Amino acid sequence: MKKNSFVEGTIIATSLIVLVKILGMLYVIPFYKIVGSSGGALYSYAYNIYLIFLGISSAGLPDAIAKIISEYNALGYDDAKSRAYKIGKKIIGFISVIVFVILFVFAEEIGKFIIGDLTGTNTAKDVAFVVRCVSPAVLLIPFLSITKGYLQGHKYIGPSSFSQLIEQLLRIIVILMGSYLVLKVFEGSLSLAIGIAVSGAFFGGLGALIYLRHAIKKSDINVITDKKDSKISNKEITKKIITYALPFVIISIVSHLYNFTDQILVLRTLENMGFLSDDVEFIAASISTWSPKICMIINAMAMGMTMSLVPTIVSAITKKETKEVENKVNKSLSMIVFVSLPLSLGLCILQKSVWTIFYDVNPYGPEILGLMVFSALFGNMYLIVSTICQSLSKYKLVYKVSITGFILNALLDVPIMYLFKFINFKPYLGSITASIIGYSVSVIIGLHALKKENNIKYTETIKNIFKTFIPGGIMVLFLGLINYFLPFNELTVLGAILTSLIDALIGGIIYLIISYKMGLIEHIFGIEMLNKIIKKLTLGKLSIKN
């Protein structure tokens, strides 16, 4: 296997994660048609609570292991990094069993908490059943995650990223085949169909774990060549794992709590406002699950980047390369905005078309998606800033950044929804607005603290962000003009597909050409990496001269 540099690792991870996220976006089209709005809501209840408990069971260990492995690797401590991996597996096994028991035993109480007094199509017993169906995944996925962290710490980004593709493919097969067979062939219950669908997480994880174990056997990362670290005790390693893991726990849980809290508060608030039960369930599921599914393509960049960001920043810190740390921070922020901004703008413009393609015509969905894309953009920034803080061992700052933003979001959710209703605006959009505010405050706090404590300057990032708005703004103007003259009906699937394809093609070309002419792409990604990408895309026929 080949080790990867930061930018190369980011490109590899992001490319595969984008593919994974595209699959994650596309499967919901047939899945939603199979299970309908009610089934979709039930799926979202179980999966959102699963993600929160998965964050607890993983305990931040995958990213913590990646950080520790990278640190020991930079120092040449082969024995210590091997022991760290084994100790991490023992810790994660213990926590996973406890979390599984809690999920399985208290599933009915969880179901009652989620549903509350809402008398819709789904019951607390339905929710409890699907929660129990997804609970075995918390026994397996943490081991998959920690194995990924082990590889990432050695800068083997490719196998770790490819395992996500395997996991997603197997998961989608179980989701679609299971739900279709239960409902359309055997005419079973909706709760059984969703129960089998959520169990896809377990089977996908099993296939990916088998692949990663094989990848590790083929590599040389288990070979111990240096014993000079023998003074590092298991107790010291365990303490370091727990210390490193806690911030990642906060980041993971808070990220999933944003959606879960929004879902619960939207359910309660809209019910009190007099919305119909079916509409309440649909809106809550759209905010917590269905819009984020489409926004996966925006989130992919941040997820791919964090896989390379942790080991490279830790390695630079360990070697006391202060300037390199500042360079990686600025490059990360610049790259995330450069890629996320046009995707957010494009999806906002195409909100009706994209929603029609995925979930058919609905009066609520497009409006929710149109604002949710910007929540995804700021969520990306939050994830990158939190990861940077953790990589620099700013643990208190991680807590401050994550918890402050989340609490602000939770406190503002209901007041902003009522404010929007008072000013005759869509009240459910208030929940998304609260999330954007929460993410924004987290980013501002984090960046300000890094500047003050580590003397990190953002001059380069600010310049790149302002430059990025130029091709982004021109793209929006062109697409607005083009859509005015397009003869397609966005409320039909064919018209929506044609509009989306034309806008994506023209918008992408405009954005990339203007960015290239401005020298923005070369400046952010570097001429060497840009040439690698172009050569691969053109089979070695084209390249850019220095």
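Predicted model: local features only at pLDDT ≥ 70, side-chain atom pairs only at ≥ 80, totals over all residues.

Residues are numbered from 1 along each chain as its sequence is written, and side-chain values use heavy atoms, with hydrogens and water left out.

**Entry: aromatic pairs**

I paired rings of Phe, Tyr and Trp (its six-membered ring) when their centres lie within 6.5 Å; planes under 30 degrees apart are stacked, over 60 edge-to-face, and the rest tilted. That rule gave me 25 aromatic pairs. One of them is Y32 with Y359, edge-to-face at 4.9 Å centre to centre and 65° between the planes. Y32 belongs to helix α2 (residues 28-58) and Y359 to helix α15 (residues 351-359), 327 residues apart; helices here are DSSP runs of H or I, at least four residues, numbered from the N terminus. Both Y32 and Y359 are buried.

Next I looked up F275 and Y428, whose ring centres are 6.5 Å apart with planes at 80°, so I logged this pair as edge-to-face too. F275 is in the loop between α11 and α12, and Y428 in the loop between α17 and α18, so the pair ties together parts 153 residues apart in sequence. Is F275 buried, exposed or partly exposed? F275 has a relative accessible area of 22%, so I wrote down partly exposed. Y428, at 3%, counts as buried.

I also found one aromatic cluster whose members include Y43, Y50, F282, W290 and W355.

**Entry: charges over rings**

My test was NZ of Lys or CZ of Arg within 6 Å of the ring centre and within 35 degrees of the ring normal. K89 passes over Y85, 4.6 Å from the ring centre. K293 lies over the face of Y47, at 5.7 Å.

**Entry: S375**

S375 is in helix α16 (residues 365-391) and counts as buried, at 6% relative accessibility. Which residues does S375 contact, leaving aside neighbours within four places in sequence? I found I432, S435, I436 and Y439, taking contact as heavy atoms within 4.5 Å.

Technical notes:
Helix = DSSP H or I, 4+ residues; strand = E, 2+ residues; numbered from the N terminus. Buried < 20%, exposed > 50% of the residue type's maximum accessible area, 1.4 Å probe, protein only.
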